[in-house]
Protein chains: 2
Amino acid sequence: MTRFILCAGSTRTAAIDGISAAGAETDVMAHTPSADAEILAYGHPVRAPVVPVSPTGCPTPAVITRAIRERLGFEYTVVDAGLEEQTGAPTVTVGARAGDDIRERDPVPSAPGAFAAARQFGRRLPDDEVFLAETIPGGTTTALGVLTALGEGDALGDRTVSSSLPENPLALKQEVVAEALEASSLKPGDATDEPLVALRRAGDPVLAVVAGIAAGALETDTAVTLAGGTQLVAAAACLRHGGYDGTLDLATTSFIDADPTVDLAAAAEALDLSVTVSDPEFTDDHPAMGAYLAGEAKEGVGMGGALALAERAKLPKAEIHDGIRDVYGRLLAESDKEVPQP
Amino acid sequence: MTRFILCAGSTRTAAIDGISAAGAETDVMAHTPSADAEILAYGHPVRAPVVPVSPTGCPTPAVITRAIRERLGFEYTVVDAGLEEQTGAPTVTVGARAGDDIRERDPVPSAPGAFAAARQFGRRLPDDEVFLAETIPGGTTTALGVLTALGEGDALGDRTVSSSLPENPLALKQEVVAEALEASSLKPGDATDEPLVALRRAGDPVLAVVAGIAAGALETDTAVTLAGGTQLVAAAACLRHGGYDGTLDLATTSFIDADPTVDLAAAAEALDLSVTVSDPEFTDDHPAMGAYLAGEAKEGVGMGGALALAERAKLPKAEIHDGIRDVYGRLLAESDKEVPQP
């Protein structure tokens, strides 16, 4: 059996002006991963006071993942990988706490403990394979921090991490990462073979939890698919630097593959990843799909992995599109509903 | 769509000698609801350090519910309804805390808040129908406490609550409940139409959460099936005394129906319940099934509801039996496995 595991968490790095598109404003963004988990579980937010749709109408990739789950009914589990705001989704606890801005000296002190608990959890899963997904605004910046601390920046050059914005603010991310390493007295590559140092000093709790579950799964012969874009590449780097040399698949979207700031082939080569790229064949006759074609969002909440599961099940693209229209419509309708206080 | 919701929690009432069979010893029993939630989610405990199987080999009813879920794949959600020990199952939080021994003055101070949060959660669920289930050792004693405080004891006479033991220690339960009411300066019936008083002073957090979710579901036209035995009858009583007069189904097992200390027909009449009784047609050629035939366990973890879903899906009884053998076998095999420390 396949289990889709969403690791949902937060980093204050997301609050840096210009870093993330995941929720238009900072106070909304703090609720985005909680809302994403609820959309995966229920189809719409049940407790998070936000609907993660950008000003242009681009919905969170949770909508795509949910649309596919409604059709395939795959097993899912949400892990609280350091949520800043509460969620109404059922979550597994592994002791992760929301990460601080990586420009602070010790932004993710919970990383080693969360990795260890996540690893034990991964060891005990009964599944044949797991798909590991993330939702964390600001996550590509912390991914860049981890890749740089591990010394993987050179192999990837300037094509390291993607962005949920059409224009990747890569110079800003590099500046933030440089400050992050300096705050921890690290130079690029100083955390080679020490993924827990990279995660704690320049990363985020979601990457620690993804890497931990994957580590435990690999130790117990559970197949691991990293479902996502460059954040999952950073998780793969943590595993390789931690001595895990088992098979790692990466399932992502054609939007990541088409991103000129990403070099998937180089990442696959450097980290020995088997990469699956899925094209959802969106058309621009619907705002949810048109926004992705215009370069927004691109990936997240395991969208690429969900698309890969849909392809495996031979679910027609037209059904995925119908499902997205359906979930999106309900999401906007729900956002107008008032919940009375008791 | 149907969602199966397991409300898992604890009451220190279970520690009273002779009250419960859910876990042979008191320190094991504290982990039973956490383990039950994990068995529902993963098929075996992943974090709880116990395997809830009685000395005679009778497994927790979670085994039956899990076996049916493995075949039907129904959607499930676990709500932390006051767990004393942590669980590795994904849980929704509603602010419930483990209940104290009901002989204390204020054993469940979290009941009103948990009811309110559970009600809001129930209002926001997207489902056509919900099945509400429980796991809480000692729960039939607190159920008797609630029924007595609400004044429903008279209608049911001495046939009020069941037991997970072959011999129901009803006199002991009645004595505990009498002490509980006295500690809160209540007489039987003093909490009529005040379910939150009954739950807080003589009940447990699981009943508060079940009643809360059911209340929210009924308010938003989601069909409610109470999946369980006499504890769910107590939840129904809370709803009726709270002014909820919508349709309530109760789905339970033939073992509850056959229990001479239970009068399902009287409960159905008194509380306007539509009762479905499912007979799993167990045979005594397997310890898991033989123990149920001998009067152990009887119900719990929504076993009766899962059986009703199986009947609706026309799942043959033989497949359920095979599934039980399968889950039980894996459970015992897993219990011998060591998990190394990181």
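Val301(B) sits in the loop that joins α13 (287-293) to α14 (303-312) of chain B. In this predicted model, the residue has a positive phi of about 50 degrees although it is not a glycine. Is Val301(B) buried or exposed? It has 30 C-beta neighbours inside 10 Å and therefore counts as buried, since 20 or more are required for that class.

Asp193(A) belongs to the loop between α7 (170-183) and α8 (195-202) of chain A. Asp193(A) is not a glycine either, yet its phi is positive, at about 65 degrees. Its surroundings are another matter: Asp193(A) has 12 C-beta neighbours inside 10 Å and so counts as exposed, the limit for that class being 12 or fewer.

The C-alpha trace of chain A spans about 50 × 45 × 40 Å along its principal axes. Buried residues make up 62% of the 342 residues of chain A. Among the contacts in chain A with a separation of 6 or more, 80% are between residues 24 or more positions apart.

The next topic is the relation between the two chains. Chain B is superposed on chain A by a rotation of 180 degrees with 0.0 Å of shift along its axis, and the RMSD is 0.0 Å. This is the relation of a two-fold axis. The same surface serves both copies, as 100% of the contact residues of chain B recur in chain A.

How many residues of chain B are in contact with chain A? There are 23 residues of chain B in contact with 23 residues of chain A. On the side of chain B that touches chain A, the elements giving two or more residues are β2 (75-80), β3 (91-93) and α4 (111-124) of chain B. Of these, α4(B) provides the largest share, six residues. By type, this side of chain B divides into 11 nonpolar, nine polar and three charged residues.

Attention now moves to the interior. In soluble globular proteins, nonpolar side chains tend to be buried together. Here, the largest nonpolar core has 238 residues, and those with the most contacts inside it are Leu132, Val146 and Val209 of chain A together with Leu132, Val146 and Val209 of chain B. Leaving aside residues up to four places away in sequence, Val209(B) touches Cys7(B), Val79(B), Ala81(B), Val94(B), Ala96(B), Ala114(B) and Ala118(B).

Helix α2 (residues 32-42) of chain B can be examined next. After α2(B) comes Gly43(B), with a positive phi near 95 degrees.

Within α3 of chain B lies Val63(B). This residue has 29 C-beta neighbours inside 10 Å and therefore counts as buried. Apart from residues up to four places away in sequence, Val63(B) touches Ile39(B), Ala288(B), Ile324(B), Val327(B), Tyr328(B) and Leu331(B). Val63(B) and Val327(B) are 264 residues apart in sequence, yet their C-alpha atoms are 6.2 Å apart in space.

β5(B) pairs with β4(B) in the parallel sense over four bridges; Ala223(B) is the bridge partner of Glu129(B). β5(B) also pairs in the parallel sense, over four bridges, with strand β6 (residues 248-253) of chain B. In β6(B), Leu248(B) stands opposite Val224(B), and Leu250(B) stands opposite Leu226(B). Five of the six residues of β6(B) are buried, so this strand, too, is largely enclosed by the rest of the structure.

Methods:
Residues are numbered from 1 along each chain as its sequence is written. Chains are lettered from A and ligands numbered from 1 in the order in which they are written. This is a predicted model: local features need pLDDT of at least 70, side-chain atom pairs count only at pLDDT 80 or more; totals for chains, interfaces and linings use all residues. Two residues are in contact if their C-beta atoms, placed from the backbone, lie within 7 Å. Ala, Val, Leu, Ile, Met, Phe, Trp, Tyr, Cys and Pro count as nonpolar, Asp, Glu, Lys and Arg as charged, and the others, Gly among them, as polar. A nonpolar core is a set of buried Ala, Val, Leu, Ile, Met, Phe, Trp, Tyr and Cys residues joined through C-beta atoms within 7 Å. Copies are superposed by least squares on the C-alpha atoms of residues with pLDDT of at least 70 in both. Two strands pair if DSSP finds at least two bridges between them.
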